[in-house]
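Could you walk me through this protein model in plain words? I would like to hear about its metal site, its helices and its pockets.

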Amino acid sequence: MLSTNYLCQLTGFARTTAIGAGKILLKKARRHHRIELKGRVNLVTDADLASERFIIRMIKKRFPGHSILAEERARIENGSEFRWVVDPLDGTTNFAHNFPFYCVSIACEYRGKMVLGVVYDPERNELFSARQKGGAFLNRRRITVTSQFRLERSLLATGFPYDIGSCREDNLKQFNRFARLARGVRRAGSAALDLCYLACGRFDGFWELKLHPWDTAAGIVIVEEAGGKVTDFRGKAYSIYGKYILATNARIHNQMKKVLA
Ligand code: IPD
Ligand code: CA
Ligand code: CA
């Protein structure tokens, strides 16, 4: 059993580490970046790598036995019950274009379940965090999802997969439908922050496909602890290793599910 005390220690560590990594990003923001291409449009900058190096060093120092799954380089499998899931910079394309909407995302999985999530936006000094059964917070303030129950009055968020230029499975048709049915749809470029914006009531719903575990691991804990609902497109339990995510304030979940079906 995971004690509340230990979970609080893990969460405190994740918060401090995310802020530290965010400061590294902020220092490098709006300077010249060394940009490499991982795919046609999928970028990695020196900032992604510096942030990841810092986070991995911190985890290894404090929790040397834990496993780590981080986006850029670190895949450490120690057979531990704990696995840290890390996106050192979510919103790399924004970062590389000086569009100030990006974050650090750190989550921890215990025996296959996500038990804590921390997302830090250094541009606005906004720290979103949640631990299992402990509620969700923006800085020190408790946050909850909206109570909006009408899709036509909802503000939604999504993103487009990196293989949109080469693969037929995308979300453009769904984007079209929601653009007509909802009050608005935003594509801001950071799935982790999209989920946090849903958790604190700035969005009412979010859907996306082909995300990676590190994009959603922290955000889903924050959404659920803020009273939201996270499933796949059919309403089945969501896994960070799965392909489809639908996250809402719970009230518009079925309406969005119908459109995605
Ligand atoms: C990306 C962002 C974006 C989403 C992409 C992700 P990255 O993460 O979360 O919003 O649409 O699919 O890969 O590459 O900036 O870490
Ligand atoms: Ca990401
Ligand atoms: Ca990333």
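Here is a short briefing, grouped by topic.

This is a predicted model, where local features need pLDDT of at least 70, side-chain atom pairs count only at pLDDT 80 or more, and totals for chains, interfaces and linings use all residues. Residues are numbered from 1 along each chain as its sequence is written, chains are lettered from A and ligands numbered from 1 in the order in which they are written, and side-chain values use heavy atoms, with hydrogens and water left out.

**The calcium site**

- Donors are N, O and S atoms within 2.8 Å of the metal (3.2 Å for Na, K and Ca), and sites may look incomplete because water is not among the atoms.
- Helices (H or I, at least four residues) and strands (E, at least two) are DSSP runs, numbered from the N terminus.
- Aspartate 87 bridges the calcium ion (ligand 2) and the calcium ion (ligand 3), which are 3.6 Å apart.

**Buried parts**

- Both aspartate 90 and aspartate 215 are buried, where buried means under 20% relative accessible area (1.4 Å probe, protein chains only).
- Helix α5 (residues 191–199) is mostly covered, with nine of its nine residues buried.
- After α5 comes glycine 201, whose phi is positive, near 90°.

**The largest pocket**

- The largest pocket holds about 580 Å³ of space, a volume being the space filled by probe spheres set on grid points joined across faces, edges and corners.
- A pocket is an open set of points on a 1 Å grid over the protein atoms alone, where a 1.4 Å probe fits, with protein on both sides within 12 Å along at least five of seven lines; lining residues have an atom within 4 Å of a point.
- Its lining has 32 residues, and Thr93, Phe160, Tyr162, Arg187 and Gly189 lie nearest the centre of the largest pocket.
- Domain 1 (4–142) and domain 2 (151–260) both give residues to this lining, so the largest pocket lies between them.

**The second largest pocket**

- About 300 Å³ of space lies in the second largest pocket.
- It is lined by 15 residues, with Lys113, Met114, Ile220, Glu224 and Tyr238 closest to its centre.
- Helix α6 gives the largest share of this lining, four residues.

Conventions:
Buried < 20%, exposed > 50% of the residue type's maximum accessible area, 1.4 Å probe, protein only. Domains from an automatic or database assignment.
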